[in-house]
Amino acid sequence: MHKTYFNWSSGKDSSLALYKILLQKEYNISKLLTTVNQDYGRVSMHGLREELLDQQVRSIGIQLEKIKLPAQVSMNLYNQVMEKSVMQLKEEGNTHCVFGDIFLEDLRSYREDQLKNVGIQAVFPLWKMNTRDLFFEFIDLGFKAITVCVNTKYLDESFCGRILDKKFIDDLPSNVDPCGENGEFHTFVFDGPIFNQPINFEIGEKVLRGYEPSDDDDCFTNDEDKNWDTSFWYCDLVPVS
């Protein structure tokens, strides 16, 4: 078996990819890897409290490694920090890593190019699968998730803090991918077949936040996608003991 680390986001695509990779005999998942905003103690992009990430990972039962990044981070700094972390993972004997990406070619190429520098092979168990089918597979397997971040370019506040179910996908606008693969929404998974017990939380306040992209933040995009999304609704989830 290949010793493998898993790029864990805390959301639905990661959860489904982990579920599928654990069914295979080829990979031994040694640890989960998550980037965390060190200024706010939250999962990068998702805005999830670090405490809920910790509870989630304890329920899964796989070791977690956090990569702490500042709130304002350039791609140059991001690449430097990630390369250092991946080099350490390589020294620990990891030869492969897993991502939950589905169809973003530029993002896959970026990941593969970066990993070639340290001799790690990327694995994409959801690659090119139909995203509507994946959404329903996720639900039918018994996973439970809630949206924690939505892109205001695609979705309004009402979609933030919603449980993923069949009505959710029916309500999505036609220009929104069923799995939010273009960054339309992000989720927190709190129960499902990879968990030993559900994660308890209460829904807190919703906050609208914006940011200004740095000059070198366009490494994942093609020329027609340089108009970055800069406004998001976040739903705060509060841990319940």
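Okay, let's start just past the end of α3, where Gly 93 has a positive phi of about 105°. Keep in mind that this is a predicted model.

Now back up into the helix itself. α3 runs over residues 75-91, so that's 17 residues by the numbering of, and from first C-alpha to last it reaches 24 Å, close to the 24 Å expected at 1.5 Å a residue. Which residues of α3 are buried? They are Met 75, Met 82, Ser 85, Val 86 and Leu 89. Those cover an arc of only 100° around the axis, so they sit on the same side of α3. And what do they pack against? That would be β1 (2-7), β2 (27-37), β4 (64-69) and α4 (105-116). If you turn to the face pointing away from the buried side, you find Gln 80, Lys 84 and Glu 91, which are exposed.

Next, a pair of helices. α1, residues 12-23, packs with α5, residues 131-140, at an angle of about 75°, and their axes are 11 Å apart. That makes α1 roughly perpendicular to α5. On the α1 side the contact is made by Lys 12, Ser 15, Leu 16 and Lys 20, and on the α5 side by Leu 134, Glu 137 and Phe 138. By type, the residues of this contact split into three nonpolar, one polar and three charged.

Met 45 has a positive phi, near 70°. You'll find Met 45 in the loop between β3 (42-43) and α2 (50-60), and at 37% relative accessibility it counts as partly exposed. The other one is Lys 128, with phi near 65°, also a positive value. Lys 128 is in the loop between β6 (121-123) and α5. Buried or exposed? Lys 128 is exposed, because its relative accessible area is 51% and the cut-off for exposed is over 50%.

Last stop, Phe 159. It lies in the loop between β7 (144-151) and α6 (166-171), and this Phe is buried, with a relative accessible area of 8%. So what is Phe 159 in contact with, leaving aside its neighbours within four places in sequence? The list is Thr 147, Val 150, Phe 168, Asp 171, Leu 172 and Pro 173. For a sense of distance, take Leu 32, which is 127 residues from Phe 159 along the chain: the two C-alpha atoms are separated by 28 Å.

That's my tour, thanks.

Methods: Residues numbered from 1 in each chain as written. Predicted model: local features only at pLDDT ≥ 70, side-chain atom pairs only at ≥ 80, totals over all residues. Heavy atoms only, no water. Axes fitted to C-alpha atoms, helices over the stretch in contact; angles between N-to-C directions. Helix = DSSP H or I, 4+ residues; strand = E, 2+ residues; numbered from the N terminus. Parallel < 35°, antiparallel > 145°, perpendicular 65-115°, else oblique. Contact = heavy atoms within 4.5 Å. Nonpolar A, V, L, I, M, F, W, Y, C, P; charged D, E, K, R; others polar. Buried < 20%, exposed > 50% of the residue type's maximum accessible area, 1.4 Å probe, protein only. Expected span 1.5 Å × (residues − 1). Arc of directions from axis to C-beta.
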